[in-house]
Amino acid sequence: MGTSSKTGNGSETEGAAEGREHKFGASPPLTIGVEEELLLVDEDCGLVAGAEELLERIDPDCRGAVSTEIFATQIELKTGICLDAAQAAEELTGVRRAVAAAGARMMGSGLYPGDAGDAALVEKDRYLPVKRDLVSVLDTPPCGLHVHVGVPDAETAIAVANAMRHHLPLLAALTANSPIRDCEDTGLASCRASVVRRYPRFELPRAFRDYDDFLRVADQLIAAAGVDDYTYIWWDVRPHPNLGTVEVRGMDVLPRPEQNAAVAALIQALAAKEIDRPGAPGLTREAIEESYYQAVRYGLEARLMIDDSTAAPAAEVARATLEEARPYAEQLDGAGALEEIDRILSEGNGADHQRRVHAEGGTEALLRDLAERTLV
């Protein structure tokens, strides 16, 4: 449930209304920031409730890139403002090394595949309203991938956020990495998505007319939820005024930093395309939500809506989207990173890999595999 990143200049402010004093344009357009939520595990790959103690052991130079989440068995790693995916992958790798040097072992999976046991929570004032709202459903740490893209102004932020909603089902299909929970196959490619859908304000927002429309909705939602500011609104795609970015959130984290950076490269290129040549298909929120469900249910085997009346196989949608994105990725030095997306289409996504390992060796083999693949 990450709420901030180093992808902008300045600190968080309170209240959506203060979002009128935004930071869009504070950093170069189309810079990116990546946030990985990872599990903490021991040598036997069991969950470890040690996030707060870990922060105290990390090299002080790296502490700003690591933060706790509400679950004590989970941490979030953050890049700074990155020009391209290669820089993002390098920074994520460096932060992972700092965490490992502090004595921690990490696991990159949308959910912990084994027996998670009782949920251990972090004691921080910020999480008090979260515990109040979610006390009955905080049973397992969901690990997402969040990508920020810098945009030049507030209205561009709304246009890009509106457009990115249409790409969310494909991004979910590509990143699905949580089919196993409590040692059993859930039948979903991303069980993480079903877990967070039980939480309030974890959903796809509607399209906004303009920035004032977004602020009006955010103000009302803040009042209705009784929370301090818009960072408690965990939409799958959201403008982030305090950081000057559009944040795409509705994805499972992947084990390797270069994979997560590749997803960021695709999002960066799609944002650039939207700024250069606006042209989202204009699907209804309901149609996008259904495509999102199909993606988290079937992964790369899903059929996704591409226009008002047509659905196509996710792999076909992915190849068409990559063809559209590559020229922009080349301009942004991210074309090489998209080879990771090609690899996912060729070899399968994280859910496909987890199922293969689980079928061959059971849960223990899967836990070891995930921990080893998360190593850098």
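I begin with Lys273, which, leaving aside its neighbours within four places in sequence, is in contact with Pro278, Gly279, Glu324 and Tyr328; contact means heavy atoms within 4.5 Å. Before going further, I note that this is a predicted model, in which local features need pLDDT of at least 70 and side-chain atom pairs count only at pLDDT 80 or more, while totals for chains, interfaces and linings use all residues. Residues are numbered from 1 along each chain as its sequence is written, and side-chain values use heavy atoms, with hydrogens and water left out.

Lys273 is found in helix H7. Helices (H or I, at least four residues) and strands (E, at least two) are DSSP runs, numbered from the N terminus. Is Lys273 buried or exposed? Lys273 is buried, with a relative accessible area of 8%; the term buried means under 20% relative accessible area, exposed over 50%, and partly exposed in between, with a 1.4 Å probe and protein chains only.

Helix H7 (residues 257-276) packs against H4 at an angle of about 145°, the axes being 10 Å apart. Such axes are lines fitted to C-alpha atoms, for helices over the stretch in contact, and angles run from 0 to 180 degrees between N-to-C directions. On the H4 side the contact includes Ala159, Ala163, His167 and Leu171, and on the H7 side it includes Val263, Leu266, Ile267 and Leu270. By class, this contact has 12 nonpolar, 3 polar and 1 charged residues. Here Ala, Val, Leu, Ile, Met, Phe, Trp, Tyr, Cys and Pro count as nonpolar, Asp, Glu, Lys and Arg as charged, and the others, Gly among them, as polar.

I turn to the spaces. On a 1 Å grid over the protein atoms alone, a cavity is a set of points where a 1.4 Å probe fits but cannot get out; a pocket is an open set with protein on both sides within 12 Å along at least five of seven lines, and lining residues have an atom within 4 Å of a point. Grid points are joined across faces, edges and corners, and a volume is the space filled by probe spheres set on the points.

The largest pocket has a volume of about 420 Å³. Of its 22 lining residues, His167, Pro281, Ile306, Val317 and Thr321 lie nearest its centre. H4 and H7 are among the elements that each supply at least two residues of this lining, which by class has 13 nonpolar, 5 polar and 4 charged residues.

How many cavities of 30 Å³ or more does the structure hold? There are 2. The largest holds about 120 Å³ of space, and among its 15 lining residues His146, Arg192, Val196, Phe202 and Arg249 lie nearest the centre. Strand E9 (245-252) is one of the elements with at least two residues in that lining, and E9 gives the largest share, 3 residues. The second largest cavity holds about 30 Å³; its lining includes Arg192, Gly250, Met251 and Asp252. There, too, E9 provides the largest share, 3 residues.

Leu30 is buried at 15% relative accessible area, and Arg201 is buried at 11%.
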